[in-house]
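Please examine the sequence and the model before reading on.

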Amino acid sequence: MTTIIPIPAFADNYIWLLQKGTTGVVVDPGDAAPVLAHFDREGLKLAAILATHHHGDHVGGIGALTARWQVPVFGPSRETIPARTHALAEGDAITVPGIGLRLSILDIPGHTAGHIAYVASEEEPPLLFCGDTLFAAGCGRLFEGTPAQMVASLDKLSALPAATRVYCGHEYTLANLRFASAVEPANVLLEQRQAREKAKRDRGEPTLPSTIGEERATNPFLRTRDPAVRTATERHAGRVLDGRVAVFAEIRAWKNAF
């Protein structure tokens, strides 16, 4: 059985550790120091590195880790990833060295041009490592992609089974929920989620993973078809919006200034 542990980094990043026995694999190691400290403390050996996209807070620690352990580095084929040994794109599948976890790859551009996700669809429940495309109650900024690309990427993730556990790259949940409540103040499920996630943070616990089901019910960026979300967004924009992509783009602009 694979155990998944968050290793905090920087102010709000999570480096995800996939551990089986004394073997570990890390997802998006932006900083080597907390990974090295954890591995030394727990007596672990690194078997592989998985990267979702090229931003420094997700790949900045790869050099130091591969200097200590000569391990395969998996990453998106359309981005430059330090020390990458295996270039991946949608349709590819890998068995992660050392832990035997089977992962399929999805292309999810928008936050960056070549962003990918790793999906363990054979696990129960399924697992999703989505970097900075989908957050708990939010989504990433569009640094390199278009609103249409991001909508397509989020639709792809939203179509995964409801029980799929969502492991994203940042602890942004409470801030995202505050914004989501501004978009949908009458959403009772959103109100309940806010209380639940605040209690976790008050206990010093991460809010992650969430689930795809939770995101469908409470994440405004996945709810652009919902009449209440569309009405609130058009009210904020002061105009009628033509289609889901326009609704998404307005919500993203609203969140950027929130």
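Q: How much of the accessible surface of the protein belongs to carbon and sulfur atoms?
A: The structure is a predicted model. Its accessible surface comes to about 10700 Å². Of this surface, the share that belongs to carbon and sulfur atoms is 53%.

Q: Which radius of gyration does the protein have, and why does the value agree with a compact globule?
A: The C-alpha atoms fill a box of roughly 55 × 40 × 30 Å along the principal axes. A compact globule with 258 residues would have a radius of gyration near 18 Å, so the value for the protein agrees: 18 Å.

Q: What percentage of the residues in the protein is buried?
A: A residue counts as buried when its relative accessible area is under 20%. Among the 258 residues of the protein, the buried ones make up 53%.

Q: How many strands does the protein have?
A: The secondary structure of the protein includes 9 helices.

Q: Why are the buried residues of helix α1 on the same side of α1?
A: In helix α1, residues 32–42, the buried residues are Ala32, Val35, His38 and Phe39. They lie on the same side of α1 because the arc they cover around the axis is only 135°.

Q: Which helix is included in what covers the buried residues of α1?
A: The cover includes the strands β1 (3–9), β2 (13–20), β3 (23–27) and β4 (45–50). It also includes a helix at residues 62–68, namely α3.

Conventions: Residues are numbered from 1 along each chain as its sequence is written. This is a predicted model: local features need pLDDT of at least 70, side-chain atom pairs count only at pLDDT 80 or more; totals for chains, interfaces and linings use all residues. Side-chain values use heavy atoms; hydrogens and water are left out. Helices (H or I, at least four residues) and strands (E, at least two) are DSSP runs, numbered from the N terminus. The radius of gyration is taken over C-alpha atoms; the globule rule is 2.2 Å times the number of residues to the power 0.38. Buried means under 20% relative accessible area, exposed over 50%, partly exposed in between (1.4 Å probe, protein chains only). Accessible areas come from the Shrake-Rupley method with a 1.4 Å probe; for residues, only the protein chains shown count as cover. The arc is that of the directions from the helix axis to the C-beta atoms. Contact means heavy atoms within 4.5 Å.
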